[in-house]
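Please open the model in your viewer and keep the selection panel at hand. The tour goes from one selection to the next and says what is found at each stop.

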Amino acid sequence: MHSENSKVQISWRTWSLIILVVLSWIVISGRLIFLQYIGHRQFASVVARQQVCKEKIPARPGDILDRNGRLLATTIVTNSLYMVPQELKNQKNVSEVCTVLSINQEYFQDRLKKNQDKLFLWVKRRLTDDELAGVRSLNLPDKAWGFRQEYRRKYPQGALAAHALGLRDIDGKGQGGIEEAFDHLISGQNGHRFLVRDAHGRVIEVRNDAREAARNGETLVVTLDSIIQLYTERELESILEKWRPKSACAIVMDAKTCEVLALASVPTFNLNHPEKISETAWKNTAIASIYEPGSTLKPFLVAAALERGLLKTEEQFDCERGEYQMGKRLLHDHHSYGMLSVTDILVKSSNIGMAKIGERLTNAGLYEAVTAFGFGQKTGIQLPGELTGIVRPLEKWNIYSTGSIPMGQEIAVTPIQLITAHVALANQGKLLNPRLIRDQIDHNYYPRSHEEPEQVRPLVSTPVISEEVADWLVRVPMVETVGRGTGRKAQLEGYTVFGKTGTAQKPDPQTGRYSSQLHVSSFICGAPAHDPRVLVLVVVNEPSVGPNHYGGTIAGPPAAEILNKTLMYLRVPFDKSGQKPLRQMTDRPRNALR
């Protein structure tokens, strides 16, 4: 009986073992079948990914040339130093490299500690020639240290046209100016290729069957002229030294095409040393600062009144001996003027005379005038950071506005808006869009897609006043402003200059009222008067030296100097030997500003 039970027990254990073995073989066989037939593609893909990697082929950013082909920005090939933390054996090498490259050793050691198990770590990118020579003299081990070639942006003219050009950061991204605005054209499109590596990560094959070539960036030809830009920047530096303002800017424009020949702001910076740029220097005040224009706005409002037939050129206004009660407000002039003609109101910059012209226009007419000349909206200069200025909605204007707007108060403009509007006066009453790009050059071997939009903007001309009104304003009151008025210091020996001064009070940050100490001094001028070729605007923000800060005193002389040098450089003939006759003015009412 005992023997039979033992046999049954042995039989059960045997069968249990057999079943377990069979099940194990089934599981193993199933796994093998899965790996062989089902998971093969997946594992093959993993192996391929470990062996084949995709490498970027960087595109070379395009150059930037001035209107005469002078190089303003280019791209060179330079070396960048990297290391393989896993292969580092000698810590002394780290100390030597940090010394040669002027790297904070404590900071770098901290980076190295955080990445000690990595196969790649940048040490310093885009080395200078001296830095490269210094590193190579250390004879670093090849397994732990190496070089890679990268593109580096170079600005041959240093700080010239810094605000207009902008720069490219260490990763090649455009920052500010033309570099940012046209980054999509300048950067180009990166290509790629596939590399086959062995188990140790070494490249054993470069596959060209799936290679895509890089499309290099386009070269842009800008409207700036390096020589005129240099003249302009030198005058701004003189303003900084003499008047010590918070900032200053200047713009030079072609009166026929509205092309920007020079655009500068101070303080400025060297494009090749972005690490030294201060926050105050980065701002492009020519397009990104707003201020009340003061008397430089007055010609546009006189033009509007003449265009509407509300004013005659020979008309006289009583300027009330320097005091005029306008509602609850008492207006003052700088001098006690009596009867003044329309010309003298502009020449002497009479606020009372302009207020009476404002009363004829009414607030609706004043609003239409300032908006027709482009104030309160961007000019479309195609630079990042351009502001719209400030023109409040008409419903927020009141009787106070009727006197303030004609004096150039209650609205804020940018320098680029102001000179663009004055180009309309110098160009037969046609408002043009300012231009900064002349041409694009694509160096690639295949054409641009027809779906890509054209980037060079066509010249847009919008008539805002009649030709005879614009002609009279430039050649009579604005010429006499320079000849015998507030702009006398801007006279030139060989050219008949026209212009307008502006001295605007700034609000006191403490009281909120207009300050007697804080001013924006400006001057706009052009020549030759009978056929304007060039306009120059200089704006000086908060000059801090001298007893008075009149625009004709501070901004007038440097603007005239820039104008004179520009005209001479462009070989514009002298015009003081004779002038063409004025166009005949008519007194019939005209339509509102177009």
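Begin by selecting Ile 178, which, when residues up to four places away in sequence are not counted, touches Ile 64, Ala 164, Leu 165, Gly 166, Asp 183, Ile 186, Leu 220, Val 222, Leu 383, Leu 436 and Ile 437; contact here means heavy atoms within 4.5 Å. This is a predicted model, in which local features need pLDDT of at least 70 and side-chain atom pairs count only at pLDDT 80 or more, while totals for chains, interfaces and linings use all residues. Residues are numbered from 1 along each chain as its sequence is written, and side-chain values use heavy atoms, with hydrogens and water left out.

**The cores**

Ile 178 belongs to the largest nonpolar core, which has 97 residues, and is listed with Leu 301, Val 302, Ile 357, Val 370, Phe 373 and Phe 375 as touching the most other members. A nonpolar core is a set of buried Ala, Val, Leu, Ile, Met, Phe, Trp, Tyr and Cys residues joined through side-chain atoms within 4.5 Å; buried means under 20% relative accessible area, exposed over 50%, and partly exposed in between, with a 1.4 Å probe and protein chains only. Next, select Leu 261, Phe 523, Val 536 and Ala 560, which are included in a second, separate core of 31 residues. In soluble globular proteins, nonpolar side chains tend to be buried together.

**The whole chain**

Zoom out for a moment. The protein has 20 helices and 22 strands, taken as DSSP runs (H or I, at least four residues, for helices; E, at least two, for strands) and numbered from the N terminus. Of its 594 residues, 49% count as buried, and among contacts between residues at least 6 apart in sequence, 73% join residues at least 24 apart.

Select Ile 251 in strand β11 (residues 247-254), where its relative accessible area of 0% makes it buried. Its C-alpha atom is separated by 4.6 Å from that of Leu 263, twelve residues apart along the chain. Beyond the residues up to four places away in sequence, Ile 251 touches, among others, Ala 286, Pro 415, Ile 416, Ile 419 and Val 536.

Move to Val 413, in the loop between α15 and α16, which is likewise buried, with a relative accessible area of 0%. With neighbours within four places in sequence left aside, Val 413 is in contact with Ser 289, Ile 290, Tyr 291, Pro 293 and Phe 375. Val 413 and Leu 297 are 116 residues apart in sequence, and their C-alpha atoms are 9.6 Å apart in space.

**Two packed helices**

Now show α16 (residues 415-426) and α17 (residues 467-475), which pack at an angle of about 105° with their axes 7 Å apart; the axes are lines fitted to C-alpha atoms, for helices over the stretch in contact, and angles run from 0 to 180 degrees between N-to-C directions. The two helices are therefore roughly perpendicular to each other, a term for angles of 65 to 115 degrees, whereas those under 35 count as roughly parallel, those over 145 as roughly antiparallel and the rest as oblique. At the meeting place, Ala 424, Leu 425 and Ala 426 in α16 meet Ala 470, Leu 473 and Val 474 in α17.

How many of the nine residues of α17 are buried? Eight of them are, and the helix is mostly covered. These buried residues pack against α12, α13 (342-347), α16, α18 (477-484) and β20 (498-507).

**Aromatic rings and charges**

Rings of Phe, Tyr and Trp (its six-membered ring) pair if their centres lie within 6.5 Å, with planes under 30 degrees apart counted as stacked, over 60 as edge-to-face and the rest as tilted. By this rule there are eight aromatic pairs. One of them is the stacked pair of Phe 269 and Trp 282, at 5.6 Å centre to centre and 25° between the planes. Phe 269 lies in the loop between β12 (260-266) and α10 (279-282), and Trp 282 in helix α10, 13 residues apart. Phe 269 is buried at 7% relative accessible area, whereas Trp 282 is partly exposed at 37%.

Then select Phe 300 and Phe 375, an edge-to-face pair at 5.6 Å centre to centre and 65° between the planes. Both are buried.

Finish at Tyr 400, where the charged end of Arg 329 sits over the ring, 3.8 Å from its centre; the rule asks for NZ of Lys or CZ of Arg within 6 Å of the ring centre and within 35 degrees of the ring normal.
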